[in-house]
Amino acid sequence: MSKSKTKNPRYTLNQQGEFVIENYNYSRPFANFFPGISGKYGIPMWTFYVNRGQAISSFGTRGKDQAITEFFPANKAWQLVSTYGFRTFIKIYSSGKTTFYEPFHNGFSSSGFDISNRMRISAHALVIEEENRTLGISVAVRYFNIPNDLYAGLVRVVTVKNIGGKKRDIQLLDGLAQVVPFGTNDFCLKNMSRTIEAWMRVVNLEKKVPFFKLSVDPADRPEVVHIKEGNFYLGFDRANAKARLIKPIVDPECIFGAVTDFSLPQEFLSKNNFQYPLEQVKDSKMPCAFLLLDFSLLSGKEKTFYTVVGSMRSLQLLNSSVKRIASVEYLAKKESVNKELIDGVGEDIYTKSSSRELDLY
């Protein structure tokens, strides 16, 4: 397949009833929400996505004033999702040479590679996949919301696979360039984004699951109101059949350095063997959340890691829930329940006709 052909979008329905957009970064832009359905005992999360970058532009609870990543309308989301949405930075070591690649990013970091990608849309989940035939690796990301639990959460499952013929030594950063601490409303994000940073705190990092919040309610009032709620970022993979928590990097300067527009992870690229930072600024600064992984893949092998980003009522509740949440089996069950819930809503208008497209619609 020639490079020019890979840029032509194509729209299909697959056997699973998913709407598939091949080479979606070059298709006509659109925007959509996940269904805000979390079951009888769940906490709904709104999740806004577009067909650019890694898709998820904004998500949070209740309304725009409780965003975990800042809400942008569609036209801004198309512009900014590749910067402020989920990002994946990959360094591949081979024969003394280091190659940098950012999957799903329609920019300079992908130029010169033979790449194709696709987006698979269903009512209950969203999947994006990209193949880099030049480097011999593929990356797949699956998103879905957590139903029927005491917190609101978005799940992100990332799988990196070696589709080439040679072993690949990989160092990877994956996460969000900005995580909005709980208590930061949309007015502050749009009009006082620098001032509100004075209230921002990241706690619980020593337990590998950071909790992002404002120290107190910044409203102009005579009494001081402390904030107990928070947003969290939990990442893990599997080691020896057990979940292994991955401590996120929360200071964007440790990754991007002086590149304050987040266009390039300067610090990550400037070091041949990037290490988890010894010191990070955790207060009075808009934080990020990136997982750092080092691994090798033989031909045909893959590496999967998991992220749950959400909102919890208190730090104590978060810490008491971590062991339960950081489980592949738990996430698989929640994904199944999420599908059942949304399919159940659709059963009320079940349609069987001579047109499969109409039935799915």
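Me: How far is the sulfur of Cys 254 from the closest cysteine sulfur, and in which residue is that sulfur?

Reply: A disulfide is a pair of cysteine sulfur atoms within 2.5 Å. The closest cysteine sulfur to that of Cys 254 is in Cys 288, at 7.7 Å, so it is too far for a bond. The structure holds zero disulfides. Before we go on: this is a predicted model, where local features need pLDDT of at least 70, side-chain atom pairs count only at pLDDT 80 or more, and totals for chains, interfaces and linings use all residues. Residues are numbered from 1 along each chain as its sequence is written, and side-chain values use heavy atoms, leaving out hydrogens and water.

Me: Is Cys 254 buried or exposed?

Reply: Buried means under 20% relative accessible area, exposed means over 50%, and partly exposed lies in between (1.4 Å probe, protein chains only). Cys 254 has a relative accessible area of 15%, so it is buried. Cys 188 counts as buried too, because its relative accessibility is 8%.

Me: How many bridges join β4 and β5?

Reply: Four bridges pair β4 (residues 46-50) with β5 (residues 56-60) in the antiparallel sense. Look for Tyr 49, which stands opposite Ile 56 in β5.

Me: How many aromatic pairs does the whole structure have?

Reply: A pair of aromatic rings is described by the distance of the centres and the angle of the planes. Rings of Phe, Tyr and Trp (its six-membered ring) pair if their centres lie within 6.5 Å; planes under 30 degrees apart count as stacked, over 60 as edge-to-face and the rest as tilted. A search of the whole structure finds 19 such pairs. In one of them, Phe 34 and Tyr 49 have ring centres 5.5 Å apart and planes at 65 degrees, so the pair is edge-to-face. Phe 34 is in the loop between β3 and β4 and Tyr 49 in strand β4, so the pair ties together parts 15 residues apart in sequence. Both Phe 34 and Tyr 49 are buried.

Me: Why is the pair of Phe 86 and Tyr 143 called tilted?

Reply: The ring planes of Phe 86 and Tyr 143 are at 45 degrees, with centres 5.8 Å apart, so the pair is tilted. Phe 86 lies in strand β7 (residues 86-94) and Tyr 143 in strand β11 (residues 137-145), 57 residues apart. Phe 86 is buried, with a relative accessible area of 2%. Tyr 143 counts as buried at 0% relative accessibility.

Terms used: Two strands pair if DSSP finds at least two bridges between them. Helices (H or I, at least four residues) and strands (E, at least two) are DSSP runs, numbered from the N terminus.
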